[in-house]
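Good morning, and thank you for making time for this presentation.

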Amino acid sequence: MWLALSTVGYGLTLLLALPAAGFLVRLFLIQHDCGHGSVFNRQSLNDWLGRALGVVTLTPYDHWRRTHALHHAGSGNLDRRGIGDVETLTVREYLARSRWGRLRYRLYRHPLILFGVGPFFVFLLHHRLPIGFMRGGRMHWTSTMATNLAIVAAVAAMAWVVGIVPFLMIHLPIVLLASAAGVWLFYVQHQFEETHWDASDRWKHPTAALHGSSHYDLPAVLRWVTANIGIHHVHHLSSRIPHYRLPEVLRDFPQLREVNRLTFTDSLRCVRLMLWDEYDRRLVALRSLRRGPAMS
């Protein structure tokens with residue numbers, strides 16, 4: 001990309017940002033496997049590889065690993081929302097908000113915010129401080145600050161080699177594309193119409209894992225780029241299965257292939273879904289609120 005920038009022009013550089021962003025997504029998902037202890041037998045090796053990859057993916061590994069574990073422990077639990085997931089209100093909660101509160105929620109869930117501004121905020125700003133975990137132990141602070149220092153050193157080295165302006169022209173598009181793709185993947189893995197939510201007294205991990213996570217059935221090239229994370233229902237059932245073994249589970253248990261299966265076209269329709277309807281037990285669009293009082 002640097003060679004293209006200096007010899008051909010910025011158009012080719014931006015075109016090459018697409019596969020580069022794909023590789024960055026794959027690195028993040030290998031880091032994700034490190035967090036689940038499924039790359040090496042020894043957890044210390046998983047952790048050090050995860051920390052190294054965290055510098056490239058702009059993600060403080062130890063802090064992220066702890067919050068991601070909370071996501072797995074409470075995914076699909078209505079009483080444990082808010083950590084490691086996309087904010088989702090029930091219909092009742094939405095209707096109880098003020099007009100300003102409803103507007104804020106609609107803005108937050110707008111695709112331009114979720115997949116445009118949101119990824120930029122999360123990876124370039126939010127990950128720079130352990131917001132919400134400042135009192136959660138020294139690990140969160142140490143992980144974040146050590147990653148920040150390593151990122152500064154790496155950026156300084158690259159700026160010294162190629163110059164700060166060419167570096168930013170090359171690397172920022174990669175980061176923005178990869179982060180948008182990552183947020184999109186995370187969104188469609190849990191935000192689909194037939195997903196599953198329950199209150200704590202009825203919540204069970206196997207049910208929430210299998211029925212609250214999608215099988216995002218992507219083309220072969222994208223399955224490789226995304227390290228099979230689309231087989232998300234199996235991943236939530238058993239997070240220690242490494243990404244390259246997930247297709248074997250579908251092969252050995254073919255009944256899992258059609259559970260919550262989403263194609264790419266199907267996934268585009270998930271964007272309009274914003275609220276959990278506790279009456280019909282499904283995610284619904286805002287326009288469904290006009291159908292009658294049963295929704296409230």
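Let me begin with a definition: helices (H or I, at least four residues) are DSSP runs, numbered from the N terminus. What you see is a predicted model, in which local features need pLDDT of at least 70 and side-chain atom pairs count only at pLDDT 80 or more, whereas totals for chains, interfaces and linings use all residues. Residues are numbered from 1 along each chain as its sequence is written, and side-chain values use heavy atoms, with hydrogens and water left out.

On a 1 Å grid over the protein atoms alone, a cavity is a set of points where a 1.4 Å probe fits but cannot get out, a pocket is an open set with protein on both sides within 12 Å along at least five of seven lines, and lining residues have an atom within 4 Å of a point. Grid points are joined across faces, edges and corners, and a volume is the space filled by probe spheres set on the points.

The structure holds one cavity of 30 Å³ or more; the volume of the largest cavity is about 50 Å³. Which helix gives the largest share of its lining? That is helix 2 (residues 10-35), with three residues. Among the lining residues are Leu29, His32, Asp33 and His235.

The largest pocket, by contrast, is open, with a volume of about 1200 Å³. It is lined by 40 residues, and Gly84, Asp85, Val122, His127 and Phe186 are the closest to its centre. At least two lining residues come from each of helix 2, helix 4 (61-74), helix 7 and helix 9.

Helix 7 itself spans residues 111-125. Buried residues (under 20% relative accessible area, 1.4 Å probe, protein chains only) in helix 7 are Leu114, Phe115, Gly118, Pro119 and Phe123. They pack against helix 2, helix 3 (43-57), helix 6 (99-108) and helix 9 (164-190).

Finally, consider Val175, in helix 9. Why does Val175 count as buried? Because its relative accessibility is 5%. Its C-alpha atom is separated by 8.3 Å from that of Phe123, 52 residues apart along the chain. Neighbours within four places in sequence aside, Val175 is in contact (heavy atoms within 4.5 Å) with Leu24, Leu58 and Leu124.

How values were computed. Expected span 1.5 Å × (residues − 1). Buried < 20%, exposed > 50% of the residue type's maximum accessible area, 1.4 Å probe, protein only.
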